[in-house]
Amino acid sequence: MADVISHNISGLKRRRFDSVIVGAGGAGMRCALQLAQSDVNVAVLSKVFPTRSHTVAAQGGIGASLGNMSEDNWYWHMFDTVKGSDYLGDQDAIEFMCREASSAVYELEHYGMPFDRNEDGTIYQRPFGGHTANLGEKPVQRACAAADRTGHALLHTLYQRNVAANTKFFIEWMALDLVRNLDGDCVGVVALEMETGEVMFFESKATVLATGGAGRIWAASTNAFINTGDGAGMAARSGIPLQDMEFWQFHPTGVAGAGVLITEGVRGEGGVLLNSDGERFMERYAPTLKDLAPRDFVSRSMGQEINEGRGCGENKDHVLLKLDHLGSDKILKKLPSIREIAIKFANVDPIKDPIPVVPTIHYQMGGIPTDINGQVVVPDCSDGMKGTHGVVEGLFAIGECACVSVHGANRLGTNSLLDLIVFGRATGRYLVGKNITNDKFRSVPIDGADKPLQRLKKLESKQSGMGVLEMGNAIREASQQYCGVFRNSSLLKEGVSRILDIDNNLGDIFVKDKSSVFNTARIEALEVFNMIEVAKATMLSAEARKESRGAHSHDDFPERDDRNWMRHTLWFSDKNRLDYKPVILKPDSVASFAPKKRTF
């Protein structure tokens, strides 16, 4: 169907596409490429130029059992992912991802992605946290890397391929809200052009959310400033639940005081963590995997060292990442960006001195519930844990904003980029397979854009209140203070009260500079409306989960409780309602791993 401009919804201009993808990171562009190469009329909306999407910041690698360095297979990768998830990941989805990994990586290689190479020409693979051979026996090299700029290489490769395939990009457009009709089907999105302020309706047969995570609801984060949970916010406002939002990964190695990411690939190449005594302390916590234990495990171990007085620096508030023993040649060849970051943000040259690091919020394990084809599904669990799934026709979600769930309570390193390419491709394949070009457009409600237009009008007309920055900072401070690496009942209860209080005051948000260049203040205000949805989902879901599992470490409930909590949390924005659905452990058709205590 050709791109048509007309008027039919809340008086807005309309553009029609077979598919509209919101977000131009790894997942969005991989899906777009699959569609464009099959002559599907696809539009991609992005807040920033596509190659500035946050995927560009990914450093360490893509997990795939190629076996280029030593024996490996998808079954071992699946075991590591299930164990890494603290057994909360759905094992059918995990099997699918790990089986698809190798072909997805080889496909990227054929697209021209410049992976590092071994002497025999095969793709170089480095060790990474939690990746093992023979079901936990010893570390294995599984991360397919392009130096420490893997995400950068991935994003540029996909963008170039999309340009060649004539994908239509709408750059510096922000999606405001989903449009759903009376049947509950998604029929497109309302979006705003950031430079001009023009609002338009993008009608589509398949709307794909690929908006990334929401790490900017925290004060200290490795995430880009654009990561404000836009997809999750739009979904929540339209009545779709957010799943497992209590689980946020703190990356063990953010630069102390700056939050900038230091890839796990540094430890994969041989870097080690030291406390103030100069001790390689991870040998005490994880005798087998040491510094390459899964991220939640390393972050808690670092936190314990700091809490027990063995932190480094004047305030004893961080530990040290030592890599000078690797030698300058290896650092300059394998970790050039890390050296740059250390010099710029920590004022140390890692060739000579260790980098001060501290656990920093990094990745959102939860998100919009989907199946392996990216279709958004709303489980009907109100009458018990039946797990009946209702598909939201026309709506898909992929990447960090989605929850399949392959990451469960803790994502395994390198599975983020893998998630993007596997499920981006799977969703594209599904839409091509169902012959979306021949589908009919669904009915559109005449008032479908009224709510986002009213929100914009209120921002425009309000003459006083709390500034956008102050409102955003209130959300970030609440998340940081009440929902950190270590949690307890008292903190979480206070956190719920605080975040709901902020939500109640959201009507006071005030755009001071309404004439700012490129509508910057207005865009930031619209992002706050998305951030508060994610923050509420996070705080309420965390307060309700009475156990410790993966990244959710609860001091008052220090053990994992499989009997009562082997289930996914579902948070509904209306009335802040919580519900649950079962984890998929043992479907007859797939390999399965029974929950066990995690040791490394």
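**A friendly note on the strands**

1. Let's start with one residue pair. Alanine 133 has lysine 138 as its bridge partner in β6. Keep in mind as you look that this is a predicted model.

2. Now widen the view to the strands around that pair.

3. Where does β6 stand in the order of its open sheet? The order is β4-β6-β5, an open sheet of 3 strands with antiparallel pairing. At the edges are β4 (62-63) and β5 (125-133), each of which pairs on one side only.

4. Next, please turn to strand β3, residues 42-46. Is this strand mostly covered or mostly exposed? Strand β3 is mostly covered, with 5 of its 5 residues buried; buried here means under 20% relative accessible area.

5. Which strands pair with β3? One of them is β2 (residues 12-22), which pairs with β3 in the parallel sense over 4 bridges. You can find a contact point at valine 20, whose bridge partner in β3 is alanine 43.

6. Strand β7 (residues 168-171) also runs parallel to β3, and 4 bridges join the two. Here, look for serine 46: its bridge partner in β7 is isoleucine 171.

Definitions and conventions: Residues are numbered from 1 along each chain as its sequence is written. This is a predicted model: local features need pLDDT of at least 70, side-chain atom pairs count only at pLDDT 80 or more; totals for chains, interfaces and linings use all residues. Side-chain values use heavy atoms; hydrogens and water are left out. Buried means under 20% relative accessible area, exposed over 50%, partly exposed in between (1.4 Å probe, protein chains only). Two strands pair if DSSP finds at least two bridges between them.
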